[in-house]
Amino acid sequence: MNTSTGHIAELMIKSSTNGILEMEKALRHNENAGAKSTSLARQLIECEEKNVARLKQYL
């Protein structure tokens, strides 16, 4: 079992990237979603993108 910092960062990056992709798909498939829902989804994507950028330093 690999518990190195780099490996954990890699797993977290993969998970965050998958979350971003899924949220983007959800936004595209629900174009009629309300403004609040869309805004919240975009905020989540932005947060995940920041997390990925921060995690890259541990690779």
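**Exercise 1.** Is Asn18 buried, partly exposed or exposed, going by its relative accessibility?

*Solution.* A quick heads-up before starting: the model you're looking at is a predicted one. Start by finding the residue: Asn18 lies in helix 1. Next, look up its relative accessibility, which is 44%. Now bring in the cut-offs: buried means under 20%, exposed means over 50%, and partly exposed is in between. So Asn18, at 44%, counts as partly exposed. For a bit of orientation, take Thr3, 15 residues apart from Asn18 along the chain: the two C-alpha atoms are separated by 21 Å.

**Exercise 2.** List the buried residues of helix 1 and say what they pack against.

*Solution.* Go along the helix and you pick up Ala9, Ile13, Ser16, Ile20 and Leu27 as buried. These buried residues pack against helix 2. Here's a handy rule for thinking about the spacing: an α-helix has 3.6 residues a turn, so residues three or four places apart point the same way.

**Exercise 3.** Describe how helix 1 and helix 2 are arranged.

*Solution.* First, get the ranges: helix 1 covers residues 5-29 and helix 2 covers residues 35-55. Their axes come within 9 Å and cross at roughly 160°. That makes helix 1 roughly antiparallel to helix 2. As for handedness, the crossing is left-handed.

Then see who meets whom. On the helix 1 side, the residues include Met12, Thr17, Met23 and Glu24. On the helix 2 side, you'll find Thr38, Ala41, Arg42 and Leu44 among them. Sorted by class, the contact has 11 nonpolar, 4 polar and 4 charged residues.

**Exercise 4.** Check the span of helix 1 against what you'd expect.

*Solution.* Count the residues: helix 1 has 25. From first C-alpha to last, the helix reaches 36 Å. At 1.5 Å a residue the expected value is 36 Å, and the model is close to that.

Technical notes
Residues numbered from 1 in each chain as written. Predicted model: local features only at pLDDT ≥ 70, side-chain atom pairs only at ≥ 80, totals over all residues. Heavy atoms only, no water. Axes fitted to C-alpha atoms, helices over the stretch in contact; angles between N-to-C directions. Helix = DSSP H or I, 4+ residues; strand = E, 2+ residues; numbered from the N terminus. Parallel < 35°, antiparallel > 145°, perpendicular 65-115°, else oblique. Left-handed = near helix turned anticlockwise from the far one by under 90°. Contact = heavy atoms within 4.5 Å. Nonpolar A, V, L, I, M, F, W, Y, C, P; charged D, E, K, R; others polar. Expected span 1.5 Å × (residues − 1). Buried < 20%, exposed > 50% of the residue type's maximum accessible area, 1.4 Å probe, protein only.
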